[in-house]
Amino acid sequence: MQLELSAEDAAFREEMRAFFTTKVPQEIRDAVAARQELTKEQIVESQRVLNAAGLAVPHWPVEWGGQDWSELRRHIWHDEMQRACVPLPLAFNASMVGPVIAQFGSQEIKERFLAKTANLDIWWSQGFSEPDAGSDLASLRTTAVKDGDEFVVNGQKTWTTLGQHGDWIFCLVRTDPEAKKQRGISFLLIDMTSPGVTVRPIELIDGGHEVNEVWFEDVRVPADNLVGELNAGWDYAKFLLGNERVGVAPVGATKRVLAQAKEYAGDQLADPLIAARFAELENELLALELTVLRVAAHSADGKPHPASSVLKLKGTELQQAVSELVVDLAGPASLASGAGSDSSDLPAWTHRATPAYLNLRKASIYGGSNEIQRQIIAKTILGL
């Protein structure tokens with residue numbers, strides 16, 4: 001089964017394919033293809049190339065850099081970008097805080113932040129999770145106390161991905177400790193160069209530095225940096241997380257890695273068990289792609305569809321399954337990762353097999369753990 005496109009949409013796909021494969025620097029695309037960690041400079045350069053062509057934030061309102069595309073064309077844009085090994089626009093900017101500001105922010109905040117957010121002139125970090133408030137996000141304890149025309153923020157955020165690069169951080173903070181826990185939360189924008197903000201690295205299982213903890217000690221934040229209404233942050237967070245879960249099913253990238261894996265497999269494809277694993281994953285990825293399109297078609301009012309939890313659940317499971325297949329194909333060579341391993345005689349892809357597998361254990365946790373997604377599916381879709 002294949003998606004059948006109209007002549008106009010097929011031409012649009014070719015336009016996207018040509019742009020992504022000719023305008024984004026080859027060295028950046030090669031690094032993505034090799035599953036290497038990108039530098040901050042590479043991520044910024046890639047997004048600015050996209051933004052200059054109006055391709056960084058097509059899902060935003062047109063007045064702020066978006067495109068008046070159909071949901072199918074947004075899917076084609078997203079899919080072709082991944083196929084071409086182009087880094088996706090930084091999610092914290094393009095898929096998280098940007099849509100929240102565009103939907104709920106004041107005109108002053110929109111004018112102040114949206115253009116710089118799209119062009120990655122501001123690198124945003126996400127300040128949601130805390131040591132005792134992960135999937136149970138509403139239990140957060142970071143406080144923001146009003147003091148004149150400022151908020152004084154105290155607390156800790158954790159698992160702040162790429163926070164070492166952050167210029168600003170969008171935070172959920174408790175502004176009314178007496179209210180029901182979901183109702184006493186606000187959405188606040190904080191300059192990470194403010195006195196009292198400290199970023200500390202957390203080393204991951206693959207040895208990398210990707211996430212951080214962020215501490216706030218009497219950080220003074222202008223009250224004008226509040227997005228939307230006071231104590232309405234939980235509604236904005238649900239809006240943000242719904243958007244995050246839609247984009248967390250990277251069908252194109254997973255299909256690309258699976259196609260690479262088939263090349264790596266070589267003679268192993270003669271093994272019927274290996275061949276069956278490929279066939280099963282290919283079929284499940286096609287089913288996921290069709291589900292992505294269905295969810296997108298029902299999200300046209302700007303509100304994420306409840307089935308976005310299905311995309312998050314299945315998309316991350318397939319990401320992990322494909323990474324596990326690559327490790328199995330590499331066999332003992334998958335253990336040859338770490339310092340000095342790149343100088344070995346083993347194929348280069350085997351060096352990344354285990355680190356990529358280990359790193360993707362996070363996929364079923366971030367954006368709301370898959371256990372939480374099953375609860376959402378049970379309540380909002382199945383009515384249990």
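**A first look at this predicted model**

Leu-382 is found in the segment that comes after helix α12 (370–381); helices (H or I, at least four residues) and strands (E, at least two) are DSSP runs, numbered from the N terminus. This is a predicted model, in which local features need pLDDT of at least 70, side-chain atom pairs count only at pLDDT 80 or more, and totals for chains, interfaces and linings use all residues. Residues are numbered from 1 along each chain as its sequence is written, and side-chain values use heavy atoms, with hydrogens and water left out.

**Domains**
- The chain is divided into domain 1 (7–89), domain 2 (124–230) and domain 3 (248–382), with bounds that come from an automatic or database domain assignment.
- Between the C-alpha centres of domain 1 and domain 2 there are 30 Å.

**Surface spots**
- With 54% relative accessibility, Leu-382 counts as exposed; buried means under 20% relative accessible area, exposed over 50%, and partly exposed in between (1.4 Å probe, protein chains only).
- Asp-224, in the loop between β7 (209–222) and β8 (226–227), also has a place in the exposed class, at 56% relative accessibility.
- Asp-224 and Leu-188 are 36 residues apart in sequence, and their C-alpha atoms are 9.1 Å apart in space.

**Helix α10**
- Helix α10 (residues 308–330) has 23 residues and reaches 33 Å from its first C-alpha to its last, close to the 33 Å expected at 1.5 Å a residue; the expected span is 1.5 Å times one less than the number of residues.
- Because 17 of its 23 residues are buried, α10 is largely enclosed by the rest of the structure.
- Gly-331 follows α10 and has a positive phi, near 65 degrees.

**Salt bridges**
- The structure holds 18 salt bridges, each being a side-chain nitrogen of Lys or Arg within 4 Å of a carboxyl oxygen of Asp or Glu.
- In helix α4 (residues 71–83), Arg-74 and Glu-71 lie 3 residues apart, about one turn of the helix, and their side chains meet in a salt bridge (3.5 Å, N to O).
- Arg-83 forms a salt bridge with Asp-79, with the closest N and O atoms 2.7 Å apart; Arg-83 is partly exposed at 41%, while Asp-79 is buried at 6%.
- Glu-317 and Arg-374 join their side chains in a salt bridge (3.0 Å, N to O). This pair links distant parts of the chain, with Glu-317 in helix α10 and Arg-374 in helix α12, 57 residues apart.
- A network of salt bridges links Glu-14, Arg-17 and Glu-80.
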